[in-house]
Amino acid sequence: MTEAIAAPAARTTTDAVLELQRESESQHLTRMGSTGLLAAGFVAVALAALMLPTQRPLSLVALVCSLAAFAVASQVEVEFPGFVAVPTEAIFVVMWFVLPLRILPLAVCAGMILGRLPELVRRRVPPDRLALPIASCWYSVGPALVLYGAGVHPPRWQDAPFYLAAIGAQFVFDFGSTYALTRSVVAVSPVAHLRSALLVYGFDLVLAPIGLLAAFPAYEHPAALLLLMPMVLIVARVGRERKEKNDTMLELKNAYQGTSYLLGDMIEADDAYTGSHSRDVVELVLAVAERLGLEAGEQRLAEFTALLHDVGKIRIPPEIINKPGPLDYEERALMNTHTIRATSGISSPASPSG
């Protein structure tokens, strides 16, 4: 499943989104209105579903095992830009068969809340952020509707078309709810949102068949659901490795950016006009890069290029840079070399032939 990141974003590069979603994890929700409405709407639908006729008696063992496994899995996160994927899909599929379908959305919500309780108790996250995982539980409504309407309960291979329809409904409900959450704080198009969500949906599609296989023994023996926990541990390891990779990417990005801004400050110290001009060029280049839909790496390269396009002026003597009148031929020839120095390095000697 996916959990949208409700955080303000002025830029949409991969590293910028990752930084924003990490910063937002410990902050209050920036806009509670739409998130609160979606969370309240989900709770209302989940409670209304309890009034439907039951198709299977509730097993206490099945409920306890489902909530415990779901809560643990919900704490395992795999970072994607704008989303966090959690390996609850396999457990969610088993819950289709071991729990009455009418309580499925409420059970998913309860599992999500249980998974967040340790962070709330330790005050690592503000209480109002609990509305976000609740609002993200809308995906559970789709499969519950499809399977309940089809009257499907014991796991059977001949019912595979209904299971595919249930997963399709899950993705539709998930896309609608997470897009509403994201769109309330970030001006993102449905196509761009879908492009990001497809990464997570592929993640869920890999886990769903594992859950279906586990559903056969779990239907008669609900505790068999816990056999999925080693899979959750494996995904936890993958999530940690991905987080470490993202950490390295962000550290390198910040280091490159810090060095670039330091060089920009050096330019501005020698020539205020050039420093201001370079920052204006950066803003213009970033706006054009986003409009062109460049990839994150290309946007980052364009940003550094714009910031450093005049860095060669560091090697131009200050008396030429700050000369009040027009430059003579030799001075102009030396000044024209700053573009070459910006691309070939700034350590060459300050000479026209440099």
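This note goes through the nonpolar cores and aromatic contacts of a predicted model.

1. The largest nonpolar core of the model holds 64 residues, and those with the most contacts inside it are Ile91 and Trp96. Helix α9, which covers residues 190-220, gives the most to this core, contributing 11 residues. A second, separate core has 5 residues, among them Val281, Val282, Leu286 and Leu307.

2. Leaving aside residues up to four places away in sequence, Ile91 touches Ser66, Ala69, Phe70 and Ala73 on the one hand, and Leu225, Leu228, Met229 and Val232 on the other.

3. The aromatic pairs number 9 by the rule applied here. In one of them, Trp96 and Tyr163 are tilted, with 6.4 Å centre to centre and 45 degrees between the planes. This pair links distant parts of the chain, since Trp96 lies in helix α4 (residues 89-98) and Tyr163 in helix α8 (residues 160-183), 67 residues apart. Trp96 counts as buried because its relative accessibility is 1%, and Tyr163, at 6%, counts as buried as well.

4. The rings of Phe175 and Tyr179 have their planes at 5 degrees and their centres 5.9 Å apart, so this pair is stacked. Both residues belong to helix α8, where a spacing of 4 residues separates them by about one helical turn. Phe175 counts as partly exposed at 22% relative accessibility, whereas Tyr179 is buried, with a relative accessible area of 18%; the cut-off for buried is under 20%.

5. Trp96 and Tyr163 also belong to one aromatic cluster together with Phe92, Phe97 and Tyr139. As a further aromatic contact, the charged end of Arg56 sits over the ring of Tyr219, 4.3 Å from its centre.

Key: Residues are numbered from 1 along each chain as its sequence is written. This is a predicted model: local features need pLDDT of at least 70, side-chain atom pairs count only at pLDDT 80 or more; totals for chains, interfaces and linings use all residues. Side-chain values use heavy atoms; hydrogens and water are left out. A nonpolar core is a set of buried Ala, Val, Leu, Ile, Met, Phe, Trp, Tyr and Cys residues joined through side-chain atoms within 4.5 Å. Buried means under 20% relative accessible area, exposed over 50%, partly exposed in between (1.4 Å probe, protein chains only). Helices (H or I, at least four residues) and strands (E, at least two) are DSSP runs, numbered from the N terminus. Contact means heavy atoms within 4.5 Å. Rings of Phe, Tyr and Trp (its six-membered ring) pair if their centres lie within 6.5 Å; planes under 30 degrees apart count as stacked, over 60 as edge-to-face and the rest as tilted. A charge sits over a ring if NZ of Lys or CZ of Arg is within 6 Å of the ring centre and within 35 degrees of the ring normal.
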